[in-house]
Amino acid sequence: QVQLVESGGGLVQPGGSLRLSCAASGIIFSIYAMGWYRQAPGKQRELVAVITSGGFTNYADSVKGRFTMSRDNAQNMVYLQMNSLKPEDTAVYYCNAFLQIAATTKNDYWGQGTQVTVSS
């Protein structure tokens, strides 16, 4: 079965850095677009960053210049390097794998999430 397993979350002071990892299994990883989403308490889940199967990336305006997403197709891994963290980055971060198969058919998988807390 498909599994997405996040790791690397934790408590960090403002201005600090964390690197999140997501290990994927059960899919042909290289053809999937991968995303990082986050959900803060009382808020809707929002897109943080996405990387296409071809390696193109896009970021939410709130994290541009601070976060970098990358993928390693040989290891079936995606990463999110988070620098200059702010308290407003506090959230549960989720890994997502997405593939549009046809006009009305898609594969959309989620990990269980990892908590990131930015606080002094």
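## Aromatic pairs

The count of aromatic pairs comes to two. One of them joins Tyr 32 and Tyr 109 in a tilted arrangement, with 6.3 Å from centre to centre and 40 degrees between the planes. Tyr 32 is in the loop between strand 3 (18–25) and strand 4 (33–39), while Tyr 109 is in strand 10 (residues 105–110), so this pair ties together parts that are 77 residues apart in sequence. The model is a predicted one. Tyr 32 has a relative accessibility of 4% and counts as buried. Tyr 109, at 26%, counts as partly exposed.

Which arrangement do the rings of Tyr 37 and Trp 110 have? Their planes stand at 65 degrees, and an angle over 60 counts as edge-to-face, so the pair is edge-to-face, with the centres 4.8 Å apart. Tyr 37 belongs to strand 4 and Trp 110 to strand 10, and the pair links these distant parts of the chain across 73 residues. Tyr 37 is partly exposed, with a relative accessible area of 23%. Trp 110 is also partly exposed, with 35%.

## Charges over rings

## Salt bridges

Side chains of opposite charge can pair when their charged atoms come close. The count of salt bridges in this model is four. One of them is between Arg 38 and Glu 46, with 2.7 Å from N to O. Arg 38 is buried, at a relative accessible area of 5%, whereas Glu 46 counts as partly exposed at 37% relative accessibility.

Another salt bridge is formed by Asp 61 and Lys 64, whose closest N and O atoms are 3.2 Å apart. Is Asp 61 buried or exposed? With a relative accessible area of 64%, Asp 61 is exposed.

## A network of charged residues

Asp 89 and Arg 66 also meet in a salt bridge, at 2.8 Å from N to O. This pair links distant parts of the chain: Asp 89 is in the loop between strand 8 (77–82) and strand 9 (91–102), and Arg 66 is in the loop between strand 6 (57–59) and strand 7 (67–72), 23 residues apart. Both Asp 89 and Arg 66 are buried. Salt bridges with shared partners join Arg 38, Glu 46, Arg 66 and Asp 89 into one network.

## Positive phi angles

Most residues other than glycine have a negative phi. Asn 76 has a positive value, with phi near 55 degrees. Asn 76 is placed in the loop between strand 7 and strand 8, and it is partly exposed, with a relative accessible area of 24%.

Which loop holds Ser 84? Ser 84 lies in the loop between strand 8 and strand 9. The phi of Ser 84 is positive too, near 50 degrees. At a relative accessible area of 40%, Ser 84 is partly exposed.

## The chain as a whole

How many helices and strands are there in the chain? The chain has zero helices and 11 strands. Read along the sequence, its pattern is β-β-β-β-β-β-β-β-β-β-β. Among contacts between residues at least 6 apart in sequence, 54% join residues at least 24 apart.

A compact globule of 120 residues would have a radius of gyration near 14 Å, and the chain agrees with this, having 14 Å. Along its principal axes, the C-alpha trace spans about 45 × 30 × 25 Å. Buried residues account for 38% of the 120 residues in the chain. The chain exposes about 6,400 Å², and carbon and sulfur atoms supply 49% of that area.

Definitions and conventions. Residues numbered from 1 in each chain as written. Predicted model: local features only at pLDDT ≥ 70, side-chain atom pairs only at ≥ 80, totals over all residues. Heavy atoms only, no water. Phe/Tyr/Trp six-rings, centres within 6.5 Å; stacked < 30°, edge-to-face > 60°. Helix = DSSP H or I, 4+ residues; strand = E, 2+ residues; numbered from the N terminus. Buried < 20%, exposed > 50% of the residue type's maximum accessible area, 1.4 Å probe, protein only. Salt bridge = Lys/Arg side-chain N within 4 Å of Asp/Glu carboxyl O. Rg over C-alpha atoms; globule rule 2.2 N^0.38 Å. Contact = heavy atoms within 4.5 Å. Areas by Shrake-Rupley, 256 points an atom, 1.4 Å probe, with all protein chains shown as cover.
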